[in-house]
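Here are a few friendly notes to read alongside the structure. Keep the 3D view open and follow the points one by one.

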Amino acid sequence: MEAPLLNLQNIHIYQDKHLILKDVSLQVNAGDLIYLIGKTGTGKSSFLKALYADLPISEGEAQIVGFDLKQIKDKDIPFLRRKLGIVFQDFKLLPDRTVGKNLEFVLKATGWKDENEIQSKIDEVLQKVGMHNQAHKMPHQLSGGEQQRVAIARALLNDPDLILADEPTGNLDPQTSVEVMEVLRNINKQGKAILMATHDYAIILKYPSKTLKIDESTVFEVVQKTV
């Protein structure tokens with residue numbers, strides 16, 4: 001049986017020595033789609049930051065894609081992040097270069113050198129998100145939904161098994177949110193696990209899946225109809 005991509009057992013998450021979440025246990029396996037909900041300020045983003053080693057974890061056990069989050073050294077954090085796909089609410093595209101150059105920048109920063117392989121990979125991920133004819137455009141020439149598709153393409157560059165998405169539809173209108181969610185769902189159907197923080201309950205109702213809620217520093221599973 002395959003090891004879980006994420007295995008948390010009774011962990012605590014801190015920010016500036018302040019306890020954000022306590023006694024969190026969670027297992028994520030290949031192909032899972034899990035929502036993380038909760039009011040603003042309850043710790044959704046902090047939870048994801050802890051998973052890509054931006055916040056410290058104490059107590060319990062915390063393994064993710066082969067790394068021990070409690071023991072990880074600073075020099076190993078870039079290697080962890082190469083094995084994760086991270087999607088942010090505000091896209092985080094470099095405004096001074098085209099879509100293709102945005103993706104090329106990430107590949108070269110993570111050790112890719114062969115120009116033909118780089119171009120082939122860029123074409124592949126843009127095809128997956130329906131943006132294969134947009135590589136020449138600048139970010140400001142794209143709609144919010146198109147920018148988020150590029151951000152998802154960027155998250156796929158190093159073939160991660162687990163994608164962490166922090167409010168990926170938070171800045172989008174309802175129709176565009178559905179279009180972006182369809183992209184994520186298709187990626188999920190290809191075997192990629194997705195852990196997605198969201199306050200978009202319409203999306204959860206339209207695409208029901210396992211849902212976790214953060215409340216009073218704890219994380220617990222909720223039955224779909226109660227979200």
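1. How many bridges join strand β3 to strand β10, and which way do the two strands run? Please remember as you look that this is a predicted model. The strands β3 (residues 33-37) and β10 (residues 210-215) are joined by 4 bridges and run parallel. Opposite L36 you will find L212 in β10.

2. Now step back to the whole sheet. Strands of a sheet pair through backbone hydrogen bonds, either parallel or antiparallel. Here 6 strands make an open sheet with mixed pairing, in the order β7-β8-β9-β3-β10-β11. At its edges lie β7 (84-87) and β11 (218-222), each of which pairs on one side only. From one strand to the next, the twist averages 20°.

3. Next, look for the helix on the sheet. Helix α6 (residues 174-189) packs there and touches β3, β8 (162-166) and β9 (193-197). The direction of α6 makes about 150° with that of β9.

4. Helix α6 also has a helix partner. Two packed helices are described by the angle between their axes and the distance between the axes. The axes of α5 (residues 144-155) and α6 come within 9 Å and cross at roughly 15°. Angles under 35 degrees count as roughly parallel, so α5 is roughly parallel to α6. The crossing of α5 past α6 is right-handed.

5. Which residues meet where α5 and α6 touch? From α5 come G145, Q148, R149 and I152, and they meet T176, E179, V180, V183, L184 and I187 in α6. Sorted by class, this contact has 5 nonpolar, 3 polar and 2 charged residues.

Terms used: Residues are numbered from 1 along each chain as its sequence is written. This is a predicted model: local features need pLDDT of at least 70, side-chain atom pairs count only at pLDDT 80 or more; totals for chains, interfaces and linings use all residues. Side-chain values use heavy atoms; hydrogens and water are left out. Two strands pair if DSSP finds at least two bridges between them. Axes are lines fitted to C-alpha atoms, for helices over the stretch in contact, and angles run from 0 to 180 degrees between N-to-C directions. Contact means heavy atoms within 4.5 Å. Angles under 35 degrees count as roughly parallel, over 145 as roughly antiparallel, 65 to 115 as roughly perpendicular and the rest as oblique. A crossing is left-handed if the near helix is turned anticlockwise from the far one by less than a right angle, and right-handed if clockwise. Ala, Val, Leu, Ile, Met, Phe, Trp, Tyr, Cys and Pro count as nonpolar, Asp, Glu, Lys and Arg as charged, and the others, Gly among them, as polar.
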